Amino acid sequence: MKFTRSKALKGELTVPGDKSISHRAVMFGALAEGLTEVEGFLPGADCLSTIDCFRRMGIAIEEKESTRILIQGKGLHGLKKPSQVLDTGNSGTTTRLISGILSGQSFETTLTGDTSIQKRPMGRIIEPLSLMGASIESLNGNGCAPLRILGHPLHGIHYTTKVASAQVKSAILLAGLYGDSPTSVTEPALSRNHTELMLNSFGAKVQTEGTTAAIEPRPHLIGQKILVPGDISSAAYFLAAGCITPGSEILIRNVGINPTRDGILRVCQMMKADVRILPIDSQTDEPMADLLVKASDLQGCILEGELIPALIDEIPVIAVMACFAKGTTVIRDAAELKVKESNRIDVMVKNLSAMGAHITATEDGMIIEGGYPLHGAVIDSHLDHRIAMSFAVAGLNADRETKILGAECVNISYPAFYEDLKYLQQS
Ligand code: S3P
């Protein structure tokens with residue numbers, strides 16, 4: 001995929017459904033009794049991996065349209081042992097959340113994923129789930145997938161996590177559904193809370209106080225109708241492109257703006273971007289807004305502390321924005337970037353440097369001196385969807401040609417990304 005300098009991006013679009021919420025709708029729908037109907041589902045490869053895993057455990061899931069699916073839930077104890085290894089593809093959310101669920105089953109399962117998943121740390125779920133009573137073995141002995149999980153009757157625990165991770169928190173809370181007493185998780189900072197909100201809407205009792213979430217065991221979950229908002233992590237590419245591409249004006253409709261996910265909006269404000277948030281009635285626990293972005297003179301800023309979990313997936317594209325900002329942008333407390341779909345500190349610094357940016361890697365983030373024009377380069381996406389999309393945005397604002405290798409990996413979270421970008425160039 002190749003990009004050159006773009007004219008203004010103009011028009012209106014709706015981004016695909018939220019990836020985190022789409023995964024959870026399938027999982028909780030499978031564990032509930034009766035029909036769950038999901039509208040606005042993200043038909044990206046990651047969420048399709050989740051559907052595949054639950055079908056293999058005997059759950060009927062019908063794709064009415066690619067974004068409207070029906071799940072015939074069988075209750076907390078309705079899953080059956082899959083006849084083969086479960087394949088979670090590229091999806092960390094599928095791998096970690098499903099491990100929590102499998103820990104409470106009365107059968108043994110093996111799960112694995114692609115080469116990226118097989119390098120991602122699973123010790124962070126193996127430890128708490130084992131403390132709850134599950135037997136989990138990393139088959140290569142390296143703390144990564146493939147994992148063999150033998151479920152057991154579980155005990156409730158209180159667990160303090162080392163990192164703010166919604167995947168770890170959710171794995172523990174989901175195992176907590178099968179506990180003999182309440183389970184609670186305390187994190188160093190609040191991570192996205194979609195699990196807590198959605199489990200409650202299915203009839204579970206999850207309470208949150210500060211950075212602690214506590215769940216009552218063995219609830220009776222009932223199928224629901226779930227409306228999935230647009231993914232703010234996908235909207236972020238258009239927020240960034242709209243800010244840095246001269247003359248642009250883009251309206252992004254129906255975006256989820258849950259406060260545990262809205263860090264990109266706070267950064268836009270810190271960078272003095274012209275972004276207007278136009279709230280709409282979502283009629284669910286997940287707040288939504290239309291976002292109007294216009295080309296802006298950006299200022300560098302400091303991103304750190306509790307803000308980081310609220311924008312962790314947006315840091316690659318924020319780094320691109322920082323190249324176009326006046327002054328220095330410092331990103332710290334973000335060592336988690338090293339264990340995402342790729343090592344996003346290394347990959348961003350290497351690729352942006354190749355385009356002429358002034359960027360330095362640090363132990364837990366990066367430092368970017370803005371204001372140095374970018375030029376085209378050959379970009380290795382490392383098959384990381386967020387890297388590919390970030391460099392498409394950069395390539396629209398660089399001299400000469402930018403070529404992205406492995407560009408098709410956007411199908412993980414945003415299959416129509418390049419078409420939507422082209423549409424804004426033609427409007
Ligand atoms: C996710 C949580 C985050 C995020 C990922 C999706 C989720 O990961 O980066 O893309 O759906 O719970 P961590 O829990 O590892 O921070």
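Guide: What follows covers the domains, the interface and the ligand.

Guide: This is a predicted model, in which local features need pLDDT of at least 70, side-chain atom pairs count only at pLDDT 80 or more, and totals for chains, interfaces and linings use all residues. Residues are numbered from 1 along each chain as its sequence is written, and side-chain values use heavy atoms, with hydrogens and water left out.

Visitor: Into which domains is the protein divided?
Guide: Domain 1 consists of 2-16 + 229-426, and domain 2 of 19-227; these bounds come from an automatic or database domain assignment. Their centres, taken over C-alpha atoms, are 28 Å apart.

Visitor: And how many residues are in contact there?
Guide: In domain 1, 24 residues are in contact (heavy atoms within 4.5 Å) with 23 residues of domain 2.

Visitor: How many salt bridges are found across that interface?
Guide: The rule finds 3 salt bridges between domain 1 and domain 2, each being a side-chain nitrogen of Lys or Arg within 4 Å of a carboxyl oxygen of Asp or Glu. The side of domain 1 that touches domain 2 has 7 nonpolar, 7 polar and 10 charged residues, where Asp, Glu, Lys and Arg count as charged, Ala, Val, Leu, Ile, Met, Phe, Trp, Tyr, Cys and Pro as nonpolar, and the others, Gly among them, as polar.

Visitor: Now the ligand: which residues surround it?
Guide: Among them are S20, R24, T93, I312, D313 and K340, each with a heavy atom within 4 Å of the ligand.

Visitor: Where does S20 place its polar side-chain atom?
Guide: That atom of S20 lies 2.7 Å from an oxygen atom of the ligand. For R24, a polar side-chain atom lies 2.7 Å from a ligand oxygen.

Note on methods. A polar contact is a pair of N or O atoms within 3.5 Å; within protein, one must be able to donate a hydrogen and the other to accept it, and residues adjacent in sequence count only if both atoms are side-chain atoms.
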